[in-house]
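Here is a friendly walk through one chain, meant to be read with the viewer open. Please keep the sequence beside you as you go.

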Amino acid sequence: MPQQTDTDAGFAELLEPYRRELQVHCYRMTGSYDEAEDLVQETFLKAWRSREAYEGRASVRTWLYRIATNTCLDHLRRHQRTPHPYERLPGMEHGKGEPPTRIEWLQPYPDEMLADIPAEEAGPESQALSRETVELVFLAALQHLPPRQRAVLILRDVVGLPATETAGLLDLSTASVNSALQRARPALREHLPAGRRTEWAPSAAPTREEREVVERYRDAAERLDLSAMAELLTADAKLTMPPNPFWFVGRDAILAFVGQTLDQASPMYFGRWRHLPTWANGLPAVGGYVQRPGTTVFRAQNLDVLRIEDGRIAEITTFEPHLLPAFGLPLKISDQER
């Protein structure tokens, strides 16, 4: 293996400040934290291999976005997938509401990793929008767009690149970029909640009300208190568990399912719960840990991302526990840790 030169080391240092920004870009393109990690690594490897061909005609940021976007498009061509409604499972009471959209590959993103993106050269407006457009509802809506339309919308409306630059990144004409954007914007709005179809509210720190709801949620689970849990949920609350096929719409359906895991007399009883707070995609979240009967350690069970409206939980999206370390949370805790 050839020895690394000072020039090569300098080139690596030139790329590194863009790592997190590009990872978030790959995350928006795919909706998956795991895939975004792999894709940004692949992007940096491709950039490294083609470093001698980089002539500086475009900024480093633009050059890297070209590599990252096309790496994502190649990945999406290899892994074609489309959101679709959840199906009703035999013997499971899902509630009376319509099945929500199922996006098996959707994963959360740690808020702490959004603190220093995008790069300063993107400008303050793009920096603010970048943090706002990582919310789960926005990520889920993006997954409905065809990959190239998705890329155009992200590069134009989120990253803030002009049409001519976007066209160069994607090897398209400017007219084709403008046409794709005109189709993508209304298509995206169709899959956003009614109150979020025009613009995104500024990102904000957790409110006192949200913190209180999270604490009540943790307390209800730890005390195995189903009545307290009921008070926390809206009547039409929704629970989904990507990538699993389980879903529930309505407070009664959620409580009927959760109640079996909290009831010590139930054959589905999980054990004792502990939760540690975190923040994901601009929303409060908790890492859930279970001490199984007959054991002494609380082991990671899930990551719940909570959407809170007017002091109650309107939606719970439950993700798999292997993601907890990305949020700075351990995979097991003791009885004393809270």
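What follows is a short report on helices, strands, rings, cysteines and backbone details.

This is a predicted model, in which local features need pLDDT of at least 70 and side-chain atom pairs count only at pLDDT 80 or more, while totals for chains, interfaces and linings use all residues. Residues are numbered from 1 along each chain as its sequence is written, and side-chain values use heavy atoms, with hydrogens and water left out.

**Helices**

Let us begin with Gln41, which belongs to helix α3 (residues 33-49). Gln41 is partly exposed at a relative accessible area of 45%; on this scale buried means under 20%, exposed means over 50%, and partly exposed lies in between, using a 1.4 Å probe and protein chains only. Between Gln41 and Ala68 there are 9.5 Å in space, C-alpha to C-alpha, for a separation of 27 residues in sequence.

Helix α4 (residues 60-78) has 19 residues, and its end C-alpha atoms lie 27 Å apart, which agrees with the 27 Å that 1.5 Å a residue should give. The expected span is 1.5 Å times one less than the number of residues. Of the 19 residues in α4, 14 are buried, leaving the helix mostly covered.

Further along, Leu232 sits in helix α11 (residues 226-232). Leu232 counts as buried, with 1% relative accessibility. Setting aside residues up to four places away in sequence, Leu232 touches Val213, Arg216, Tyr217, Arg312 and Ile313, where contact means heavy atoms within 4.5 Å. One of these partners, Ile313, is 81 residues from Leu232 in sequence, yet their C-alpha atoms are 5.9 Å apart.

**A hairpin**

Strands pair if DSSP finds at least two bridges between them. Strand β5 (residues 272-280) and strand β6 (residues 283-291) run antiparallel and are joined by nine bridges. Within this pairing, Val286 of β6 is the bridge partner of Pro277. Seven of the nine residues of β5 are buried, so the rest of the structure largely encloses this strand. Together β5 and β6 make a hairpin with two residues between them, and Asn281 is in the turn.

**Rings and charges**

Which residues are linked into a cluster by ring pairs? They are Tyr27, Tyr33 and Tyr109. Rings of Phe, Tyr and Trp (its six-membered ring) pair if their centres lie within 6.5 Å; planes under 30 degrees apart are stacked, over 60 edge-to-face, and the rest tilted. By this rule there are five aromatic pairs. Among them is the tilted pair of Tyr86 and Trp247, at 6.4 Å centre to centre with 40 degrees between the planes. Tyr86 lies in the loop between β1 (84-85) and β2 (101-102) and Trp247 in strand β4 (residues 247-249), so the pair ties together parts that are 161 residues apart in sequence. Tyr86 is buried at a relative accessible area of 5%, and Trp247 is buried at 0%.

**Cysteines**

How many disulfides are there? The count is zero, taking a disulfide as a pair of cysteine sulfur atoms within 2.5 Å. Cys26 is in no disulfide, and its nearest cysteine sulfur, that of Cys72, is 3.5 Å away. Cys26 is buried at 0% relative accessibility, and Cys72 is buried at 0% as well.

**Backbone details**

Pro242 and Pro243 are joined by a cis peptide bond with omega of about 10 degrees. Pro243 is in the loop between β3 (233-240) and β4.

Asp171 has a positive phi near 55 degrees without being a glycine. Asp171 is in the loop between α8 (163-170) and α9 (174-190), where this residue is exposed at a relative accessible area of 59%.

Although not a glycine, Asn281 has a positive phi of about 55 degrees.

Key. Helix = DSSP H or I, 4+ residues; strand = E, 2+ residues; numbered from the N terminus.
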